[in-house]
Amino acid sequence: MVKIQIPEAAEKIMEQLNTHGFEAYAVGGCVRDSLLGREPEDWDITTSAKPEQVKEIFPRTVDTGIQHGTVTVLVDRMGYEVTTYRIDGEYEDGRHPKSVEFTGNLLEDLKRRDFTINAMAYSSREGLVDAFDGRKDLERGIVRCVGNAMDRFTEDALRILRAIRFCAQLGFDMEKETEQAISAIAPNLAKVSKERIQVELTKLLLSAHPERIKDVFENGIGPFISERFEEAGKRLAGGESVRLLPPRKHMRWAGFLRMEDSGDAVSILRDLKLDNETIDGVRTLVSLWKTPIPAHKPAIRKVMSSLTEELFNDLLCFQEIFCREEYREQLRQVKQYSEEIRRAGDCIRLKDMAVTGRELIAAGRKPGPELGVLLNSLFEEVLACPEYNDREYLMELAKKL
Ligand code: ATP
Ligand code: MG
């Protein structure tokens, strides 16, 4: 019998449900990942108990998605989603089920799930419940719809991107019928919300195989995400190297969009409702990575002064992966110089300059825009030559500017 190690708290929740006469299983992603020897991100529980009954059994719960049957049970500050067995009603516009209906039958609940590898349940008492050969598909490395692929993608077109995302995360292939249905139903993605699309694309890019983003374009999905997105797909040069980037949102999105004009990259991401911090990071990397940084400390200080420390490091990392062979030696120098600049504590921030606006005003300068210009000129001098960062010297220099 298959054995899965379930965290103690999740095991306790299931036992308590059993004690009250209900069925309970770990289900979905956690079963899939456990069978693959991967650490599950969270443990979801499916049960025959209705949400109200779950709330009666456990003292601390949160109504996370009560209309869909989900209650979060809190144990030792950890939350476990406990969801009642359900059958999804008819789908509205391929988006959300109009209604959900609770059922007492585990198999009915497993049937509504997207892929065979996500439709397995497990309990310590009964072992693995695998009605759709999910385990075999895991072994063969295949993503396959539960039931008829055309119907399942028609119900919810987001599953198209989920299928590609799971292939990228697990290094799997698409089962043939599932793949054919993807191309056929791709236009329905136009009806899916941009946020949901973005979540899947981000997971895909952060996965072990971000180069599988090409599957999105090869299956004709690009135009239904956006026109600009489809355009970006035509410039997917050297997708393999994106894998070498650390799995952080702005790095991977920038890796994918690096051949775009930075304005286009930003529009694509805005349209997909990415957060501003990620968009800012992508804008910087996409606009700067192609420009070699001179192996010359004043120039390096200038670049460093325009970026956060973290983003400057990200830029060097990005260049290391994507830059031309000819630039490699220069980049090594730049890296070394930037480390020296940091170690020496050279002033690279206006706020660290030995003279402040207030001091210049005290010395008779008028407050206003000219003062800003003056401060910037002094800062330029300091960036070029860190020894100038001396109060007396700068005050003298200010008189001449
Ligand atoms: P991960 O958490 O790594 O993204 P997961 O498999 O846990 O992977 P979730 O989105 O958390 O994915 O969903 C949990 C489970 O709910 C899935 O394993 C699947 O059984 C089911 N599920 C989620 N989204 C859908 C969907 N759009 N259609 C059908 N079933 C779904
Ligand atoms: Mg999950």
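This is a predicted model: local features need pLDDT of at least 70, side-chain atom pairs count only at pLDDT 80 or more; totals for chains, interfaces and linings use all residues.
Residues are numbered from 1 along each chain as its sequence is written, and chains are lettered from A and ligands numbered from 1 in the order in which they are written. Local features need pLDDT of at least 70, side-chain atom pairs count only at pLDDT 80 or more, totals for chains, interfaces and linings use all residues, and side-chain values use heavy atoms, with hydrogens and water left out.

**View 1. The shell around ligand 1.** Ligand 1 is surrounded by 13 residues, each with a heavy atom within 4 Å of the ligand. R32, N118, R159, R165 and K203 are the closest.

**View 2. Polar contacts of ligand 1.** These contacts are pairs of N or O atoms within 3.5 Å. Oxygen atoms of the ligand lie 2.9 Å from a backbone N or O atom of N118, 3.1 Å from a polar side-chain atom of R113 and 3.3 Å from a polar backbone atom of G29.

**View 3. Domains and helices around ligand 1.** Ligand 1 lies between domain 1 (1–133) and domain 2 (141–273), because both give residues to its shell; the bounds come from an automatic or database domain assignment. Helices α2 (29–35) and α7 (158–170) each supply at least two shell residues, and α7 gives the largest share, four residues. Helices are DSSP runs (H or I, at least four residues), numbered from the N terminus.

Technical notes: A polar contact is a pair of N or O atoms within 3.5 Å; within protein, one must be able to donate a hydrogen and the other to accept it, and residues adjacent in sequence count only if both atoms are side-chain atoms.
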